[in-house]
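Here is a briefing on the fold, the pairing of the copies and the surface at the DNA. Please look at the structure first.

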Protein chains: 2
Amino acid sequence: MARLNMRELALKLGVDRATVSRALSNDKAHLVAPATRERIRQAAGAAGYRPDLTAATLRRGRSHTVGILVSDLGNETFIDVIRTIFRHLDARSDAPSITPLIAETLDHPDATRRLIHTFLSRRVDAIISLASTEADTAILQDAAREVPVVLAIRAIAGAVFPSALCDDRAGGAMVATHFAERGHKIVCQVQGPPLSATFKNRALGFSEVCASRSIVETPQRIFAETATSAAGKRTLDALLAISPRPTAIFAHNDALALGVIEAMRHRGLRCPEDLAIVGFNNTQLSRILAVPLSTVDYPVEEVSRHAGELVRNLIADPSYRFESRLFTPSLIVRASS
Amino acid sequence: MARLNMRELALKLGVDRATVSRALSNDKAHLVAPATRERIRQAAGAAGYRPDLTAATLRRGRSHTVGILVSDLGNETFIDVIRTIFRHLDARSDAPSITPLIAETLDHPDATRRLIHTFLSRRVDAIISLASTEADTAILQDAAREVPVVLAIRAIAGAVFPSALCDDRAGGAMVATHFAERGHKIVCQVQGPPLSATFKNRALGFSEVCASRSIVETPQRIFAETATSAAGKRTLDALLAISPRPTAIFAHNDALALGVIEAMRHRGLRCPEDLAIVGFNNTQLSRILAVPLSTVDYPVEEVSRHAGELVRNLIADPSYRFESRLFTPSLIVRASS
DNA sequence: AACATCTTGTCAATCGATTGCAAAAAGTGT
DNA sequence: ACACTTTTTGCAATCGATTGACAAGATGTT
C-alpha cells in the first residue's frame, strides 16, 4: 500500500510530472492550461494524492516550518502568544500554511541547544524563541547565521535580535504608581526567578517608581523558585515575617499572586483589606477569583502580531530591515488592590 | 554562506560520502574502520556539520517525527501527557530522538482533518490523538491506513484503535461512591461538553453508582459549554435554582470545580459545608486552593507510558499485536468534600 | 508566406543523505 | 607466494518534488 506519488499520478494522466507539479502549485499554476490544470486537480483530489513535503522541502530549500521555543508549555500566556503568532502567520491565505515545531526548554540551556540543532537539521525557515535567557545568547547567535531568529516575550540583554516584547519595566512601574495612588507606604514584590529578563524588568520598573514616589520597598527581597502558584503559596510565611509589614504586594505573575492569596485565605487574612495584591498577565484565573485579581494585561495580540510579521518578512527577505518593538501593557484594577 | 553538506565534508576528508554517512550513523558505524570513523566524527564536529534531516527522511522513508493532536493547549493534563509521552519515547537513547509535531484542534473536525493531512504530507512516523471525537472517526481511520494511529485520553466509541485511556467511568463511579459514603442524598453533576467520550463516561459511571446506591441525581442536568473555570462559574446560578437542592457536586474537571467554588465564595457560600465539590484530574490548582479540592487523580504516567510504548512498537512493526489499555484513576479526598 | 510571440508541456538536473552491490585492501592459513 | 576470507571503502541508484532550459504548437502580424 505504497502512497501515490507525483510520478504515478502524472503517468495515469498522461502528462509529465512537471505539469502536475505546476498545476498543483500556487505560484506556478498559471503556467498550465486551465483545462489541464482542472483535470489534474480533479484527479489529484479524487486519488487522494498528497504531495510529499519532505521532498518538496529538499528541493526548494524551504520547509514552511517554523521552530518555536517556549520555556513552559503550562504557561497560559506563552500558549496564547504561540496560538496568536500562528494565527497571524497563516492568515495570509496566499502563502502555503506554516507548520509550527513547538518545543519546551524548561529553561535548560542544554535542552535549548539540542532543540535548536534539531530545528536546524529539520531546516526550519525561522526560529522564534519565547524562552531566551542569557545562557542562550551564543547558541541563538549561531543559529541566526543560518535562519532568521526572532525573540518574543523575553529579551536578551546585550544582543540584538529582531524582537517583539512587552514593556515589563513599564508594567512594574504601573503597579507601583497604582500602589502610590492608593496610599500604600510599605510594599514588597514577590519576584519570579531572575533567570529571564522579564522578571528583572518588572522588578526594576517597580523599584524605580517606588524610589521616586518615596514608597518604601521592604529591604527583604522575596524570590519564588518558580513562577508558579505553589511557589507563591510558600512565600507567604516570609512575607508575614517582614517588619514593618508591607500593605501591598506586587506578584510578578498571576500564578504567584494566586498562591499568595490562597495562602492568605488559609490563614484567615483578607485581600485586599489585610494585604493588597496585584499580579501580572491578566490570565483567565485573575478574572475567575471571587476577589478578582488586579493585574497587568499582557499585550498578547500586539506582541504576537509583531513577532509574526517579523518572521514573515525575514523569511521572505533575510536582509529585511526589521524593527524591534516594545508594547506597553496596561493595568487592570480589580478588587484585590 | 551555504551550509556544509555531506558531499563537501567527504571531499574535504578525501573519503566518499557513503563513508561519512556510515561513520556518523548509529547503526552502520561498525562498517567503517575505527580510525576513519573517529577522524570523520572529529571533523564533522569541528566543522559544525549538521545532517539534513529532510534529505535523510526522503531517502529512508522515516522522519523520526510523530504528530500529536490535542484539543486544547491550555489544558494542563493534556500537556502533562504530551510531555510524558515524549519523555518515554526519547528515553531509548539508542534510537534517534523523535521530534513531536504538536497541533491544536480546538475540537473542530475541519481543523483535525487539515492537521492530519499536514502530518501525513510531512511523513510523520505515527500520529497520536488526544483530541479525538466521533466526528473524527473516518479521518483517523483513513490516516491509519498510512501510519500507526494511537489514541490517548479520549476514545472513540465503535472504532478500534490502539489506545491508552483513563477509566473515566470508574472515576465517575468513585466520586459517587464517595458521596454515598459521606451520606449525601441529593447530588448533581456539572458536566463537560459531551463531545468527547471522556465526559460521557464520567457522567455514566457517576450515574450508575448513584442509581445503585439510591442517591438522587437531580433531574436537571447542568452542562458547561466548555470545560473551563469561566463556564463553571456560570453554572452556579442554575445549580442553586435546583430544587430540591443538591448537597454535593461532581464537576467533570478541576477547572469547572474551581469556577463553581469561586462563584460560591462570591455569594458567601462555603465549601464543603454548603456544597461539597469533587473535581477531576488532580491539577496543580486543586492543591493550591485554600480549601484543597477533592479530585480524581488522572493516571498520567501510565497512560503516557502505554501510549509511548504503542507508538514505539507500532513504528518498529506496523503489524505489532497491540493491546489497548484502560488505566484506573484514584480518588483523592481533600477538604472540599 | 514568413516570421515573431505566446502558451503549453517535456526533459533532465537538482536538493542531500542512504544503501545495495561490488571492488579494493587487509588479514589468514598453507 | 597463493588462494581465500574478512574488513573497509567507493560507485551509483534512489527517495519525490521542483524548476530552468528548451521544443512544439498555437496565435498573431505584416
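Which helices of chain A and chain B each supply at least two residues of the surface near DNA strand D? They are α1 (6-13), α2 (17-24) and α4 (53-60) of chain A, together with α2 (17-24) and α4 (53-60) of chain B. This is a predicted model: local features need pLDDT of at least 70, side-chain atom pairs count only at pLDDT 80 or more, and totals for chains, interfaces and linings use all residues. Residues are numbered from 1 along each chain as its sequence is written, and chains are lettered from A and ligands numbered from 1 in the order in which they are written.

**DNA surface**
- DNA strand D is surrounded by 27 residues, each with its C-beta atom, placed from the backbone, within 6 Å of the strand.
- The closest are A:Asn5, A:Met6, A:Ala18, A:Ala55 and B:Asp16.
- α4(A) gives the most to this surface, with five residues.
- The surface divides into 12 nonpolar, five polar and 10 charged residues.
- Ala, Val, Leu, Ile, Met, Phe, Trp, Tyr, Cys and Pro count as nonpolar, Asp, Glu, Lys and Arg as charged, and the others, Gly among them, as polar.

**Chain A fold**
- Chain A has 14 helices and 13 strands; helices (H or I, at least four residues) and strands (E, at least two) are DSSP runs, numbered from the N terminus.
- Its domains are domain 1 (6-51), domain 2 (63-166 + 300-329) and domain 3 (168-297), with bounds from an automatic or database domain assignment.
- The centres of domain 1 and domain 2 of chain A, taken over C-alpha atoms, are separated by 35 Å.
- The C-alpha trace of chain A spans about 85 × 40 × 35 Å along its principal axes.
- Buried residues make up 47% of the 337 residues in chain A; buried means 20 or more other C-beta atoms within 10 Å of the residue's own, with C-beta atoms placed from the backbone.

**Chain A with chain B**
- 38 residues of chain A are in contact with 38 residues of chain B; contact means C-beta atoms, placed from the backbone, within 7 Å.
- Elements giving two or more residues to the chain A side include α4, α5 (76-91), β2 (99-104) and α6 (109-121).
- That side divides into 15 nonpolar, 12 polar and 11 charged residues.
- The same surface serves both copies: 100% of the contact residues of chain A recur in chain B.

Methods
Buried ≥ 20, exposed ≤ 12 C-beta atoms within 10 Å, placed from the backbone. Contact = placed C-beta atoms within 7 Å.
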